[in-house]
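The following exercises are to be worked with the sequence and the predicted model at hand. Each task is followed by a solution in steps.

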Amino acid sequence: MANITLENVQKRFGEERVIHGVDIEINDGEFVILVGPSGCGKSTLLRMIAGLESISDGNVKIGGKVVNDMSPKARDIAMVFQSYALYPHMTVADNMGFSLKLSKAPKSEINQKVNAAAEILNLEPLLKRFPRELSGGQRQRVAMGRAIVRDPQVFLFDEPLSNLDAKLRVSMRTEIKELHQRLKTTTVYVTHDQIEAMTMADRIVVLHQGYVQQMGTPLELYDHPANLFVASFIGSPGMNLIHGRVGDDGHFQVRGGGQLPLGDIDISNSAVDAVYGIRPEDMTLADQGVPVEVITVEPTGAEIHVVAKLGDQHITIVFRERHQIKPGDTIQLAIDVNKNHLFDAVSGERIAWHASSQAA
């Protein structure tokens, strides 16, 4: 196992720079997820760690050693791709042990490592099967087993679950997390799915257009987003981002009419264009509160998602109680002023913190 350090890592394709001076420290044994929309640079960054993509500037260190000019094989990493890339003419056991066979490891060692990985991944009954005889989830486990037998310093996962159906993705998330907890190997995992990131990672790196937007634990990013992009990307449903202006009366003036409480948010100046952020679950029904007009009601079973109109904007509220609400109703909302956020409307950066959480 080893730590991974990225120092001012940059990537250019011709004159176009796609990775802009990334600095990340990944601790030994940590599970870190790179997340962001398509084209944000997360897979490019992973491939630079793996040695599959050259580095234009900066350094990649694995175990304290600069690996910029080292081949992928020499970096002692194992990578699991979106595509299973299994050899169709080989059995599960032969696929898992193929890298060891190439390195001329003794047959007894190969069998021992393949059997040990098969036990971890519940593949023992499938070792004599061929890939065509396996389900998608089983094939992905074989690809993971092929990485495990190499006993690398670092595991790299490039969107390994994106080809699976929704139910199988949920179970595979659990399997990969359990695998990490058992092996404790330093792991870097790329996904565009923020639910995967929230449920699996020790820490998350949010990327957008080749820049790191924020790095922290899942709940740090959820509770204290650094900017509008992180606020909108992390969470499902996403944070409500309501445009308006900071008033001088302790309220936020909503564009199109209405106002919202600011609570103890520390505001340096008033009358500034801003975006008010509030999570859908941080609003509740009240006898007196912020009036909104219900547009749609979406029961999900455990929750009710309500889309409502506030000023000239739509917001989403999540109720865990089974309120009798229908489109066209006007309801009153109490807002948890300990959990609201304020962002600059132009730069998107967070411009205010709660007075009680300045260090957050």
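**Exercise 1. Identify the buried residues of helix H2 and state which helices are included in what covers them.**

Solution. Step 1: H2 spans residues 92-102, and its buried residues include Val92, Asn95, Met96, Gly97 and Leu100. Step 2: the cover over the buried residues of H2 includes helix H3 (107-120) and H4. Step 3: for H4, the geometry can be given as well: the axes of H2 and H4 come within 7 Å and cross at roughly 35°, and this crossing is right-handed. Step 4: on the H2 side, Val92, Asn95, Met96 and Ser99 meet Val142, Gly145 and Arg146 of H4. By class, these residues are three nonpolar, three polar and one charged.

**Exercise 2. Classify the packing of helices H4 and H5 by angle and list the residues in contact.**

Solution. Step 1: H4 (residues 136-148) and H5 (residues 166-183) pack at about 20°, and their axes are 11 Å apart. Step 2: angles under 35 degrees count as roughly parallel; H4 and H5 are therefore roughly parallel to each other. Step 3: the crossing of H4 past H5 is right-handed. Step 4: H4 contributes Gly136, Gly137, Gln140, Arg141, Met144 and Ile148 to the contact, while H5 contributes Leu168, Met172, Glu175, Ile176, Leu179 and Leu183. Seven of these residues are nonpolar, three polar and two charged.

**Exercise 3. Is Arg141 buried or exposed, and which residues does it contact?**

Solution. Step 1: Arg141 belongs to helix H4. Step 2: with a relative accessible area of 12%, Arg141 is buried. Step 3: neighbours within four places in sequence being set aside, Arg141 is in contact with Leu121, Asn122, Leu123, Met172 and Glu175. Asn122 sits in the loop between H3 and H4 and, although not a glycine, has a positive phi of about 55°.

**Exercise 4. Describe the largest nonpolar core and the contacts of Tyr189.**

Solution. Step 1: the largest nonpolar core has 45 residues, and Ile33, Met96, Met144, Ile176, Tyr189 and Val206 have the most contacts inside it. Step 2: H4 gives the most to this core, with five residues. Step 3: beyond its neighbours within four places in sequence, Tyr189 contacts Phe31, Val32, Ile33, Leu34, Phe157, Pro160, Leu161, Ile176, Glu196 and Met200. Step 4: a second, separate core has 28 residues, among them Val9, Ile19, Ile24 and Leu45.

**Exercise 5. Locate the cis peptide bond between Ser236 and Pro237 and characterise Asn8.**

Solution. Step 1: omega of the cis bond joining Ser236 and Pro237 is about -5°. Step 2: Pro237 is placed in the loop between helix H8 (228-233) and strand S11 (240-246). Step 3: Asn8, not a glycine, has a positive phi of about 50° and is located in strand S1 (residues 4-13). Step 4: at 38% relative accessibility, Asn8 counts as partly exposed.

Definitions and conventions. Residues are numbered from 1 along each chain as its sequence is written. This is a predicted model: local features need pLDDT of at least 70, side-chain atom pairs count only at pLDDT 80 or more; totals for chains, interfaces and linings use all residues. Side-chain values use heavy atoms; hydrogens and water are left out. Axes are lines fitted to C-alpha atoms, for helices over the stretch in contact, and angles run from 0 to 180 degrees between N-to-C directions. Helices (H or I, at least four residues) and strands (E, at least two) are DSSP runs, numbered from the N terminus. Angles under 35 degrees count as roughly parallel, over 145 as roughly antiparallel, 65 to 115 as roughly perpendicular and the rest as oblique. A crossing is left-handed if the near helix is turned anticlockwise from the far one by less than a right angle, and right-handed if clockwise. Contact means heavy atoms within 4.5 Å. Ala, Val, Leu, Ile, Met, Phe, Trp, Tyr, Cys and Pro count as nonpolar, Asp, Glu, Lys and Arg as charged, and the others, Gly among them, as polar. A nonpolar core is a set of buried Ala, Val, Leu, Ile, Met, Phe, Trp, Tyr and Cys residues joined through side-chain atoms within 4.5 Å. Buried means under 20% relative accessible area, exposed over 50%, partly exposed in between (1.4 Å probe, protein chains only).
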